[in-house]
Amino acid sequence: MTSLLQTERDGETPLPLKAALRDLLGRRSYTVFLATAWSLYAFESLNIFFNLYLRDLGWTFLSIGILGAANQAIAALSRIIGGYVGDHVDRKSLAAASMLVVSGFYLLIALSIHPVVLVLALLLYSTMHLVTSGSSAYVMNSIPQRHSGLALSLFTAGRAIGISALLALNILVPVIGFGAGFRFLALLASCVLMASAVVRHVWLAPSPIEHEMGPEGLLRNFLSENARALRVLVLALPGTLLVVLLDAVSDGLFKFGALLYANEFLNVSIPGIGSIMIFTLLFSVPLLIWVGRVADTRGLSSAADLVYAMMPLSTFLILVAPAVPMWAPADWAIGAESLFPGLGAVFTTVFLAIVLKYVNDILWNLVLITLIRKNLPSSDTSKFLALFWFLVALLTALGPVLGGLLFSFGVPSLVFVAALFLNVLILFSLHRYGLFARPGVPNVEDR
């Protein structure tokens, strides 16, 4: 079968890597957006520890799961509204606002451990999606299609900067404790992101408003535009939607349970989990650049097959970790632990499982975003992004609730059994349907 996702559909031959980088970094708005996004990524790795932080404060598995589901549900609703906002408001303002919202999230975490404040903080973070669809659309429309994979991979590769926060947390935990160290870094994150919001407001070029309010009124206009966008999305990417929705449930289960399981049932320390995530970021950077180039030169179907083939293996490894806790001699782990707090976790089986899963998730998200950039009309990018991630967030919300129940009833391994089943089903769907676009897809503006 011939893929329609090849770069050749743009009618241009891919540039060499050095020339493509020079072209991208010569665009001021792109470089400003990239630099400020990296400031966010420097601290975003802290979010991985949020469930563990709540457990440290005495929260139950079920309450953490319910809060996670509420976060995903509000995020889903925010995305769908944000898609409309992103096409009717100057996206430069939305790009700056996204940094302000995340800054407020970290500030609330830093200032209080009261359950109500923590709930408000997470719910504030989920409403960030009111502005992120427009913010993401801003940068996606500022790059040429011929460089889509590379340009987006540079953003995702910037997540490796999060190693700095992870290293800092590993150092702080033995000195002042997990909770105090987490709050200190959250306060620092709030200050940095406030500054990034100012930089975006000052240095980003204005973005023209793509659509004015229709004569039929706000609600009717909102519903009609999103209905047309959804129709285009379904027609353009039918196989993709099936795969993505199945993966969202699997991802919600794994992400809820993996670190809690490692910490509480496999005895991996907080610094150990920090080390696991450091290696995750280190491994992801070169792979992101490579996958981005594969998407630009060989097509997204090849990239998708390469990435997702490893997902079931990661889930299988975490299932066998209780029986086979180490993949190397125990002396190696003891020696590594004496060199740096948490480094011994590198030699555990759960290390292999979590690193493989998180790296592949990063690569998989890159494939999906590049797919949207290459195959959907650019005039309504914000709505397409919002609808796409709305469906993902809605299905992901099932994972924390199911995971919280299974953990509370004392059968956490069933979380990963269910995730493994879904992974295998997704591989079958990829083989059966692929990730192909259909020719002749109408523009969302067509009536």
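Helices (H or I, at least four residues) and strands (E, at least two) are DSSP runs, numbered from the N terminus. With that in hand, we can walk through the structure above. This is a predicted model, in which local features need pLDDT of at least 70 and side-chain atom pairs count only at pLDDT 80 or more, while totals for chains, interfaces and linings use all residues. Residues are numbered from 1 along each chain as its sequence is written, and side-chain values use heavy atoms, with hydrogens and water left out.

Let us start with the charged side chains. A salt bridge is a side-chain nitrogen of Lys or Arg within 4 Å of a carboxyl oxygen of Asp or Glu, and a search of the whole structure finds five of them. Take helix α17 (residues 349–375). Lys357 and Asp361 both lie in this helix, four residues apart, about one turn of the helix. Their side chains meet in a salt bridge, with 3.3 Å from N to O. Are these two residues buried or exposed? Here buried means under 20% relative accessible area, exposed over 50%, and partly exposed in between (1.4 Å probe, protein chains only). Lys357 is buried, and Asp361 is buried too; for Asp361 the relative accessible area is 6%.

Asp361 has another partner as well: Asp361 forms a salt bridge with Lys255, whose closest N and O atoms are 3.1 Å apart. This pair links distant parts of the chain, since Asp361 sits in helix α17 and Lys255 in helix α12, 106 residues apart. Lys255 counts as partly exposed, at 29% relative accessibility. Within helix α12 (residues 238–264), Lys255 lies four residues from Asp251, about one turn of the helix. Asp251 and Lys255 also form a salt bridge, and here the closest N and O atoms are 3.5 Å apart. Asp251 is buried, because its relative accessible area is 16%, under the 20% limit.

Now return to Lys357 and Asp361, which meet in a salt bridge. Which residues do the shared partners join into one network? They are Asp251, Lys255, Lys357 and Asp361. Leu313 is placed in helix α15 (residues 311–320) and is partly exposed, with a relative accessible area of 40%.

Next comes the empty space. Rolling a probe the size of a water molecule over the atoms shows where empty space is left. On a 1 Å grid over the protein atoms alone, a pocket is an open set of points where a 1.4 Å probe fits, with protein on both sides within 12 Å along at least five of seven lines; lining residues have an atom within 4 Å of a point. The largest pocket has a volume of about 210 Å³, a volume being the space filled by probe spheres set on the points, which are joined across faces, edges and corners. Its lining has 17 residues, and Leu266, Asn267, Val268, Met326 and Thr348 lie nearest the centre. Helix α16 (residues 330–339) gives the most to this lining, with three residues.

Asn267 lies in the loop between α12 and α13 (270–297) and is exposed, with a relative accessible area of 67%. Most residues other than glycine have a negative phi. Asn267 has a positive phi of about 60° although it is not a glycine.

Finally, let us visit two loops. Thr60 is found in the loop between α3 (50–56) and α4, and is partly exposed at a relative accessible area of 47%. Thr60 and Phe407 are 347 residues apart in sequence, yet 9.6 Å apart in space, C-alpha to C-alpha. Thr127 has its place in the loop between α6 (115–126) and α7 (129–140), and counts as partly exposed at 26% relative accessibility. Thr127 and Val101 are 26 residues apart in sequence and 8.2 Å apart in space, again from C-alpha to C-alpha.
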